[in-house]
Every structure is written in structure tokens, then in C-alpha cells.
Amino acid sequence: MLKAILVDDEQLSIHMMENLIEWDRYGVRIVATAGDGLEALEKFREHVPNIVITDIKMPNLDGIEFIRRVREISADAEIIFISAYADFSYVKEAIALGCSNYLLKPVDEMELEKTLQKITQKISEKSISRKLALKSETQKKKKALRDYLRSNANPALGRKYFAEFCPEGAPFLLMSITQHHETIEAYTGASSLAGEQIAYQQERIEKIAGERAPCLALEDEENTWLLALRTGNQEDAMTIAQALQRFLQGEGKAKVRICFSRSATRTQELPELYAQVKRYEKYGQHLGDVGILGSGYQNNEEQYSQLVREGIDFLAARYDQNLSLDEICRHLSISKNYFSYLFKRDTGVSLWAYLTGIRMRRAKALLRDTDLKSLEIAYQIGYDNPSYFSKLFKKQNGQTPNEYRASARKEKDA
């Protein structure tokens with residue numbers, strides 16, 4: 001949600017703007033109001049809003065001088081000037097200060113909405129550009145660091161980037177995580193979703209490891225992750241390795257080998273530590289090797305991956321709502337394709353088939369134990385169309401809801 005402040009020495013004008021439009025419709029929340037430029041400057045420092053809407057003529061500090069001081073704090077805030085005067089000199093100063101628009105009082109609802117649409121889109125585009133630039137810069141640094149680790153290439157640059165994560169003199173170690181799929185079906189299933197799987201796994205790996213020690217995750221080779229951990233404690237490394245093994249074994253249904261290097265305090269030692277974990281990957285003969293672990297997968301709910309279990313819990317809690325895949329995956333913070341793949345792999349059925357099963361079991365219970373009409377039951381279990389519910393029930397159970405109720409009660413009375 002974007003933040004905005006309103007500045008005007010006329011309280012009536014502020015009240016009018018607060019109620020003129022639905023601000024949250026544009027993703028904007030008014031976080032503060034002020035009656036003059038000095039008060040507004042304090043509120044700006046406190047809230048650092050994205051949008052400032054300010055009158056020009058005010059006591060103590062006018063709008064022009066207020067915005068000049070705002071620009072000393074932030075070059076990014078979007079400014080909308082309002083004034084009762086169509087004075088060209090004000091317009092010129094407003095443009096010079098990077099003003100987004102200049103509105104005349106009384107403020108027109110349509111004009112304000114158009115301005116907000118333009119501003120919020122501009123802020124969104126700026127945010128996306130920054131994220132892409134940051135991602136590109138991060139990837140560049142990670143590539144330089146991988147090159148240094150693998151072949152001692154450009155050591156000055158590699159050490160510089162590593163020092164941003166771990167200052168010289170602080171202890172660190174490297175950890176390698178390798179997954180081995182046991183069947184061609186498991187391998188091809190994971191490979192078809194490689195991009196989404198890698199993004200999700202990196203996020204979870206960094207979160208799990210980061211709970212014990214600061215962590216930097218690098219993709220090393222296919223099916224292999226490399227972590228730099230800012231710790232010299234071998235017990236920490238073992239605890240992290242075991243937590244990651246549980247996660248990856250549960251999510252990936254693959255054999256997992258995790259091994260870690262000795263600790264070090266000098267960035268010059270990084271290539272040597274990398275070579276050490278690569279040897280351990282190959283031979284698996286050292287204290288820190290968690291080993292190659294079988295998946296032990298069985299088709300029951302206790303063996304489902306954590307993510308699938310969380311999805312099932314979500315379905316069980318909200319089966320009576322009109323759910324969408326978007327809503328479910330937003331709740332789980334996972335992509336739709338990857339979650340659908342995991343769910344089908346673990347349960348053997350699609351997400352919607354599983355949800356239908358939950359609803360049908362609940363429908364049967366209501367038909368057996370209540371006198372609710374079929375259409376009322378349909379609404380209670382998440383179907384907006386009672387006719388569709390009846391057809392689906394018969395397809396699933398070989399009987400209409402009323403037929404099922406009659407036969408169930410006959411058995412109960414027998």
C-alpha cells in the first residue's frame with residue numbers, strides 16, 4: 001500500500017480530499033495530514049510517504065519551500081500541488097521541483113483520480129525497474145563469486161563481493177547440497193519445472209539456513225546448491241544440514257547428500273574450501289556428510305511434503321468457499337505450476353479432485369445427519385450452482401443426493 005500525506009491550511013479542504021475518492025482503490029493510504037509546511041515537514045520525515053498533495057499558499061512555510069526541503073530528503077516522492085490561483089509562476093516552480101500535477105481548487109474528482117492513476121503506475125514502474133536492476137546486479141556478483149570459487153578467476157572482484165556478505169576476519173564455511181532423483185519420472189517431472197522449482201527452493205533454503213546463521217545461496221551445478229554460511233561452528237553447520245535434508249527430502253522426494261567444509265576467516269581460502277566440498281561430494285567421507293538418504297516415500301498424508309500438507313490444511317479449512325488456484329498459491333507463496341506438480345506427485349490426484357473429495361465427504365455427512373435441502377448443502381460446501389452439485393454428486397457416488405439420503409437412512413433404521 002502506498003502512503004500519502006495531505007497538506008492544506010484549510011481543514012475543510014483536507015476533509016473534502018479525504019472523502020472525495022476511494023483511496024484504497026488505487027492502493028493508497030493517507031497516513032497523515034498537516035495544516036502548514038513546517039508541520040508537514042515533520043510528518044514527511046516521520047512517514048516518508050510516496051505521495052504528497054500540498055497547497056501552495058500556507059502560513060509558516062509555503063508549499064513551494066516545503067517541497068524544496070522535501071527534495072533534500074527524498075528525490076522519489078511524487079508531488080501534487082493544489083492552489084486557488086492559476087498563477088503561471090507557481091506552475092513553473094512546480095515543474096522545476098518535479099511536480100506530477102498542478103490542480104486548481106476546488107479539486108475535481110475526475111482530475112484527482114486521473115492524476116493518482118498516472119502516479120501509482122509511475123511508482124510501480126520505478127519499483128519494477130529497481131528490482132530488476134538489483135536482481136541483475138546480484139546475479140552479476142554471484143557469477144563473479146562462482147568464477148572465483150571454481151577457478152580462482154578475478155580474485156580481487158570475487159573477494160570484494162564475498163566481503164559484502166562476510167567481512168574479512170569473520171568465520172565462514174561452505175556447504176554443498178546435491179539431489180539425486182531415483183527415477184526418470186521424478187527427474188523429468190522436476191526438470192519440466194526447473195525455473196520455478198529453483199526459485200522456490202532457493203528462497204526456502206536461505207530461510208531455513210538463515211534461521212541458524214547468515215546465508216548466501218549460489219546455484220553451483222545441475223541439482224546442486226552451494227551455500228556460504230557466516231559461522232565457524234561445526235555444530236551449527238550440522239544442524240543446518242539436517243534441517244535442509246528434511247526439507248529437500250520431503251519436497252523433492254530425492255536422495256540428498258549434504259557436506260560442508262572446514263571453517264575459515266580469510267577470503268583467499270575460498271577456492272580451497274570449494275575444492276574441499278567438491279571432493280566430499282564425490283567421496284562422501286567426512287564428519288560433516290549427512291549422506292545419501294532414501295526418500296522412503298509412501299502414499300499417505302504423513303509422507304506428503306510440508307507444502308502439500310499446508311495446501312491440504314488450507315483446503316480443509318476453506319472448502320466451503322469459492323476457491324481459486326491463485327488464492328491458494330498466494331497463501332502458500334508458491335507458483336501455480338510448481339504447486340500443482342507437487343500436489344499431483346504426492347497425492348496422486350489433482351488439487352481440484354482432492355477438493356471435490358473433501359466436499360463430497362462433507363455433503364454425505366450433511367445428507368445423513370441433517371434435514372437440510374440439497375441446494376442448502378450445495379451452498380454450505382462451496383458450490384454456487386445446486387444443479388451442478390447434484391450432477392457432480394451423482395457422478396461421484398452413483399446416486400443423486402436425495403437417493404443417497406434415502407438409502408443412508410434406510411441402513412441406519414435397519
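**Helix 6**

In helix 6 (residues 155-165), the buried residues are G158, Y161, F162 and F165. These residues lie on the same side of helix 6 because they cover an arc of only 100° around the axis. The model is predicted: local features need pLDDT of at least 70, side-chain atom pairs count only at pLDDT 80 or more, and totals for chains, interfaces and linings use all residues. Residues are numbered from 1 along each chain as its sequence is written, and side-chain values use heavy atoms, with hydrogens and water left out.

- Exposed residues A156 and K160 are carried on the face of helix 6 turned away from its buried side.
- Buried means under 20% relative accessible area, exposed over 50%, and partly exposed in between (1.4 Å probe, protein chains only).
- Helices (H or I, at least four residues) and strands (E, at least two) are DSSP runs numbered from the N terminus.
- The arc is taken from the directions from the helix axis to the C-beta atoms.

**Aromatic pairs**

- Rings of Phe, Tyr and Trp (its six-membered ring) pair if their centres lie within 6.5 Å; planes under 30 degrees apart are stacked, over 60 edge-to-face, the rest tilted.
- The count is 9 aromatic pairs.
- F343 and Y354 form an edge-to-face pair, because their ring centres are 5.4 Å apart and their planes are at 90°.
- This pair links distant parts of the chain, with F343 in helix 13 (residues 336-347) and Y354 in helix 14 (residues 351-369), 11 residues apart.
- F343 and Y354 are both buried.
- Y383, Y388, F389, F393 and Y404 are linked into a cluster by ring pairs.

**Charges over rings**

- A charge sits over a ring if NZ of Lys or CZ of Arg is within 6 Å of the ring centre and within 35 degrees of the ring normal.
- R230 lies over the face of F165, 5.7 Å from the ring centre.
- R359 has its charged end over the ring of Y383, at 4.8 Å from the centre.
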